[in-house]
Amino acid sequence: MMKKIVIYMPHNAVGMSVTLMKELCWVASIYAQESATEVEGQTVQSCPNEVVSLVSQDGNPVRCFSGNSISIDYSLDQIEQADIFMVGAFWGSVHEAFKNNKALLTWLPTFYQQQIPIAATSNAPFFLAEAGLLNNKVATVYPPVADVFQHLYPSVDLRPERAITDAGNLYCA
């Protein structure tokens with residue numbers, strides 16, 4: 001059975017962070033589909049667009065910091081299933097990002113309590129920390145923002161020299 005991958009696109013997103021995740025997951029799902037085993041006499045197949053979805057806070061297209069708008073599959077409230085939840089990078093002030101993505105901050109603890117793995121890239125670990133998920137856990141963040149991160153979240157074991165961290169279903173890259 002194919003995994004349902006949900007990628008959150010924050011307000012004022014760095015579009016490439018989200019589209020790169022989507023395309024990598026899409027390619028992986030194609031390879032998985034090609035190597036699918038037979039289940040009850042039928043090959044398990046699904047469309048990658050059903051496997052990898054982009055969501056935004058309200059389901060509307062997201063305007064990236066560079067001016068591009070990217071279409072969205074649905075809103076946070078419309079998520080019916082997720083086997084992994086990924087969060088893309090944003091551009092601009094951390095406090096503006098929190099203000100413009102309030103629903104995400106509410107949903108992250110819910111996903112974590114449901115034991116859905118959460119992965120955040122670049123500066124998106126700020127969202128995990130603000131939601132209280134990284135307290136006393138290891139994390140990494142985009143190195144140019146590491147000082148701000150450490151100042152705001154001193155209880156996080158920040159390791160900006162690491163490319164990826166794993167804190168028990170919380171992944172930062």
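Select Ile5 in strand 1 (5-8) and then strand 8 (84-87): the bridge partner of Ile5 in strand 8 is Ile84. Helices (H or I, at least four residues) and strands (E, at least two) are DSSP runs, numbered from the N terminus. Four bridges join strand 1 to strand 8, and the two run parallel; two strands pair if DSSP finds at least two bridges between them.

The model is predicted: local features need pLDDT of at least 70, side-chain atom pairs count only at pLDDT 80 or more, and totals for chains, interfaces and linings use all residues. Residues are numbered from 1 along each chain as its sequence is written, and side-chain values use heavy atoms, with hydrogens and water left out.

**Strand 1 and strand 4**

The partner of Val6 in strand 4 is Ser53. Now show the side chains of strand 1. Ile5 and Ile7 point one way, Val6 and Tyr8 the other way, and all are buried. Buried means under 20% relative accessible area, exposed over 50%, and partly exposed in between (1.4 Å probe, protein chains only). In a regular strand the side chains alternate between the two faces of the sheet.

**The nonpolar cores**

Select Ile79. Which residues does Ile79 touch, not counting residues up to four places away in sequence? They are Val6, Val55, Tyr74, Phe85 and Phe111, where contact means heavy atoms within 4.5 Å. Ile79 is one of the residues with the most contacts inside the largest nonpolar core, which has 39 residues; Phe85, Val87, Leu108, Phe127, Leu134 and Phe149 are the others. Apart from this core lies another, of 16 residues, including Ile7, Val18, Cys25 and Val52. A nonpolar core is a set of buried Ala, Val, Leu, Ile, Met, Phe, Trp, Tyr and Cys residues joined through side-chain atoms within 4.5 Å.

**Helix 4**

Move to helix 4 (residues 102-113), where Leu104, Leu105, Leu108 and Phe111 are the buried residues. They lie on the same side of helix 4 because they cover an arc of only 125° around the axis; the arc is that of the directions from the helix axis to the C-beta atoms. Turn to the other side of helix 4 to find Lys102, Thr106 and Gln113 exposed. What covers the buried residues includes strand 1, strand 8, helix 3 (94-100), strand 9 (118-120) and helix 5 (125-130). After helix 4 comes Gln115, with a positive phi, near 60°.

Select Ser17, in helix 1 (residues 15-34). Ser17 is buried, with a relative accessible area of 14%. Its side chain reaches the backbone oxygen of Val14 at 2.8 Å and the backbone nitrogen of Ala89 at 2.9 Å. Not counting residues up to four places away in sequence, Ser17 touches Gly88, Ala89 and Thr121.

Finish at Asn123, in the loop between strand 9 and helix 5. Is Asn123 buried or exposed? Asn123 is buried, with a relative accessible area of 8%. The side chain of Asn123 reaches the backbone oxygen of Phe90 at 2.8 Å. Asn123 also touches Ala89, Phe90, Val141, Tyr142 and Val145, not counting residues up to four places away in sequence. Val145 is 22 residues from Asn123 in sequence and 7.3 Å away in space, C-alpha to C-alpha.

Conventions
Polar contact = N/O pair within 3.5 Å; in protein donor to acceptor, adjacent residues only side chain to side chain.
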